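Notebook open, one structure to go through. I want to know how the chain is put together before I do anything else with it.

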Amino acid sequence: QVQLVESGGGLVQVGGSLRLSCAASGRSLANYAMGWFRQAPGKERVIVASIWWNGAFPHYTDSVKGRFTISRDNIKNTVYLQMNSLKPEDTAVYYCAARPRESVKWVDWGQGTQVTVSS
């Protein structure tokens, strides 16, 4: 099991930027694909971005393409989500999650960090 702790959330104005971090402990992230999800009030949790265990094939949901960048540092055991040009609709609790290489399921989750974009 991987313990995940998100940080970097906060209140930002429209057009601003935030960088979320997800620090892992317990196991090396080198054996996991990593993802960022978000859940807005009254809505389901949805995936925002994901990245393979080796940093390849970053993938983004359409609404954040060109604005968000997912990256990872397997030496630091940390995953990042750089969020630029933020919009009010980006307001949500953001979660990071880990998926073992051999699995199709996201098995380990962080506690989430709140991102609020004010207009």
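Below is what I looked up, entry by entry.

**Ground rules.** I'm working with a predicted model, where local features need pLDDT of at least 70, side-chain atom pairs count only at pLDDT 80 or more, and totals for chains, interfaces and linings use all residues. Numbering starts from 1 along each chain as its sequence is written, and side-chain values use heavy atoms, with hydrogens and water left out.

**Overall build.** I counted elements and got zero helices and 11 strands in the protein chain. Both kinds are DSSP runs numbered from the N terminus, helices being H or I with at least four residues and strands E with at least two. Next I looked at the dimensions: the C-alpha trace spans about 40 × 25 × 25 Å along its principal axes.

What is the strand order in the open sheet of four strands? I read it as 1-3-8-7, with antiparallel pairing; two strands pair if DSSP finds at least two bridges between them. Strand 1 (3-7) and strand 7 (68-73) are the edges, each with a single partner strand, so one side of each has no neighbour in the sheet. Neighbouring strands are turned by 15° against each other on average, direction ignored (axes are lines fitted to C-alpha atoms, for helices over the stretch in contact, and angles run from 0 to 180 degrees between N-to-C directions).

I went through the pairs one by one. Strand 1 meets strand 3 (residues 18-25) over five bridges, with Glu6 opposite Cys22. Strand 3 and strand 8 share six bridges, and strand 7 and strand 8 also pair over six bridges. Met83 in strand 8 stands opposite Leu18 and also opposite Phe68. Strand 8 (residues 78-83) has five of its six residues buried. In the hairpin of strands 7 and 8, with four residues between the strands, I noted Asn77 at a positive phi near 55°.

**Around strand 4.** Strand 4 (residues 32-39) is mostly covered, with seven of its eight residues buried. Eight bridges join strand 4 to the antiparallel strand 9, where Tyr32 stands opposite Pro100. Strand 4 also pairs antiparallel with strand 5 (residues 46-51) over five bridges, and Trp36 has Ala49 as its bridge partner there. Six residues lie between strands 4 and 5 in their hairpin, and Gly42 takes a positive phi near 75°.

**Cys96.** I found Cys96 in strand 9 (residues 92-100). Is Cys96 buried or exposed? Cys96 is buried, at a relative accessible area of 0%. Cys96 and Gly110 are 14 residues apart in sequence, with their C-alpha atoms 5.6 Å apart.

**Largest pocket.** Its volume is about 150 Å³, and the lining includes Arg38, Lys43, Glu44 and Glu89. A pocket, on a 1 Å grid over the protein atoms alone, is an open set of points where a 1.4 Å probe fits, with protein on both sides within 12 Å along at least five of seven lines; lining residues have an atom within 4 Å of a point. Grid points are joined across faces, edges and corners, and a volume is the space filled by probe spheres set on the points.

Technical notes:
Buried < 20%, exposed > 50% of the residue type's maximum accessible area, 1.4 Å probe, protein only.
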